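Subject: Structure for you, with some notes

Hi,

Here is the structure I promised to pass on.

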Amino acid sequence: MIYFDKVTKIHRDGTAGLEDVTIAIAPKEFVSIVGHSGAGKTTLLKMLLVEDRPTDGTVFFESTDVHALPKSKLHHYRRKIGMVFQDFRLIPNKTAYENIAFAMEAAGRPQDEIELDVPHILDLVDLGGKAHHFPSQLSGGEQQRVAIGRAIINQPDLIVADEPTGNLDPVNTYEIMDILKKINELGTTVLITTHNKGVVDAMARRVITMDRGRVIRDDMQGQYIL
Amino acid sequence: MWTMIKRVFTGGAKNFARSGAVSFATVLIMTVTLTIVGSLIFLSAILTNTLASLQDKVDVNVYFVTDAQEADILAIQDRLESLPEVASVEYTSREDRLTEFRTRNENDQLTIQALDELGTNPLGAALAIKATDPSQYGGIVEFLSEDSSISPAGGPIIDSINYFQNKAVIDRLTGAIDATEKAGLAIVILFALASTIIALATVRLAIYTARDEIAVMRLVGASNAYIRGPFIVAGVLAGLVAALIALALFYPVTWYAGETLSTWLGGFNLFTYYLSNFGMIFSILAGTGILVGALASWLAVRRYLRV
């Protein structure tokens with residue numbers, strides 16, 4: 001489903017972000033990418049999301065070379081991917097409901113569908129009672145659940161989560177991972193990056209370990225080993 | 001498509017309402033801009049009006065000798081009226097001029113006494129000529145002094161033409177008003193330009209605070225047009241609100257200025273001008289506000305939409 005083919009990224013200052021990375025991810029997999037800060041995890045995700053361009057190599061999503069997509073088609077591609085970030089990245093002047101609805105509105109979905117789906121998703125991430133709170137009125141865990149709700153509302157094929165639990169306490173971390181696991185069990189491919197050894201070990205799923213821009217381990221029943 | 005347009009509009013309105021302080025600052029700056037643009041309209045109206053009323057006051061008086069025949073004078077009036085550059089010719093008879101003179105000098109006992117002692121009417125009849133354009137006076141005067149047919153055999157009947165006395169004053173006044181109009185317009189246009197640039201910068205600053213939001217919108221899969229739309233709507237709203245505030249401000253200001261300046265401006269009342277030209281002023285201010293708001297938003301968002 002996702003295929004990184006010998007992707008190399010040299011940053012503008014000359015340092016290598018990624019070096020000759022080749023990874024294949026099959027549909028419905030749950031993949032954790034681990035590594036120290038600066039190992040290239042976030043750069044790898046940026047290549048996938050076309051937030052940045054590789055210096056060399058190609059990134060395929062379902063046989064599409066995503067970096068060959070014209071700018072005008074890019075937003076259609078991005079709608080196939082649900083994104084979750086460490087810093088949540090909610091729109092501050094929109095309520096929880098509106099943040100989730102925005103992703104549907106942007107995709108051009110009709111209003112009645114939005115009114116039907118958003119409350120359902122809010123219940124799924126256990127925020128039914130806080131639909132009309134603004135992000136500043138929600139805790140970190142709640143904000144991340146809104147972000148996950150936003151990521152899954154358009155039923156994407158892939159969820160990409162960059163350190164989704166990085167800013168959360170253990171209880172919220174567990175809840176977020178539980179939600180991601182559920183989403184994966186419902187058939188969505190999940191790709192996360194993380195520092196959290198406990199999270200990775202508890203999942204007992206595929207783990208890709210990176211160091212200094214290279215893939216150094218790739219285990220199907222992985223552990224966090226560094 | 002229709003739902004997308006509706007979403008862009010409601011989204012823009014919500015953005016505008018919720019980013020209170022930033023919207024307020026934007027509206028304030030735009031109000032200043034539009035007030036300056038409005039002042040430009042009023043200044044140009046004042047200057048045009050003053051120039052027009054001054055030009056209207058300019059005329060050429062032809063005084064005839066006391067024994068000139070009324071028929072001859074009326075003939076000259078007819079001939080003058082047939083000239084294309086003459087707007088009007090007004091005849092004042094000897095008697096009328098005397099009454100006029102008496103009322104003008106009724107407080108001056110000495111003059112009235114002298115007039116009474118004289119016994120006869122020392123004043124000749126006069127023709128007041130108005131040209132369609134001030135530059136035509138020279139030609140008209142030339143016509144009067146050169147055409148031999150208007151000076152019949154009995155000797156010249158024209159005593160004097162006051163054009164030559166007024167000419168220098170008229171020229172200088174016209175020049176002064178012309179220069180004032182040009183300089184005034186240049187200064188106000190400069191101010192309007194400067195404040196428009198400030199308004200543009202303010203809107204860009206307001207959108208700068210939303211750059212993370214724009215990045216998120218892009219990642220969520222919103223098209224560039226869909227991201228830009230609400231910002232443009234918010235910019236247009238700011239321009240519109242600013243225009244309404246500026247229009248509301250002009251109401252008391254022109255009312256006060258109209259009262260106090262009306263005599264000084266030769267009867268030109270700003271307030272009545274404002275009311276009678278409200279449609280035009282409204283369209284110019286609202287149009288400028290909307291244009292500046294939309295343009296600034298469009299430019300500002302474009303910066304954050306590049307991949």
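Which residues in α3(A) meet which residues in α4(A)? On the α3(A) side they are Ala96(A), Tyr97(A), Ile100(A), Ala101(A), Met104(A) and Glu105(A), and on the α4(A) side Ile114(A), Asp117(A), Val118(A), Ile121(A) and Leu122(A). Here, contact means that the C-beta atoms of two residues, placed from the backbone, lie within 7 Å. By class, this contact of α3(A) with α4(A) has nine nonpolar, no polar and two charged residues. (Ala, Val, Leu, Ile, Met, Phe, Trp, Tyr, Cys and Pro count as nonpolar, Asp, Glu, Lys and Arg as charged, and the others, Gly among them, as polar.)

A word on the source: this is a predicted model, in which local features need pLDDT of at least 70 and side-chain atom pairs count only at pLDDT 80 or more, while totals for chains, interfaces and linings use all residues. Residues are numbered from 1 along each chain as its sequence is written, and chains are lettered from A and ligands numbered from 1 in the order in which they are written.

Now the helices. Helices (H or I, at least four residues) and strands (E, at least two) are DSSP runs, numbered from the N terminus. The axes of α3 (residues 96-106) and α4 (residues 111-124) of chain A come within 10 Å and cross at roughly 130 degrees; axes are lines fitted to C-alpha atoms, for helices over the stretch in contact, and angles run from 0 to 180 degrees between N-to-C directions.

In α4(A), the residues Ile114(A), Val118(A), Ile121(A) and Leu122(A) are buried, a term for residues with 20 or more other C-beta atoms within 10 Å of their own, against 12 or fewer for exposed and in between for partly exposed, with C-beta atoms placed from the backbone. The cover over these buried residues includes α3 and α5 of chain A. After α4(A) comes Asp126(A), with a positive phi near 65 degrees.

Ile153(A) sits in the loop between α5 (140-152) and β7 (158-162) of chain A. Ile153(A) counts as buried because it has 25 C-beta neighbours inside 10 Å. Beyond its neighbours within four places in sequence, Ile153(A) is in contact with Ile100(A), Ala103(A), Met104(A), Asp117(A) and Ile121(A).

Best wishes
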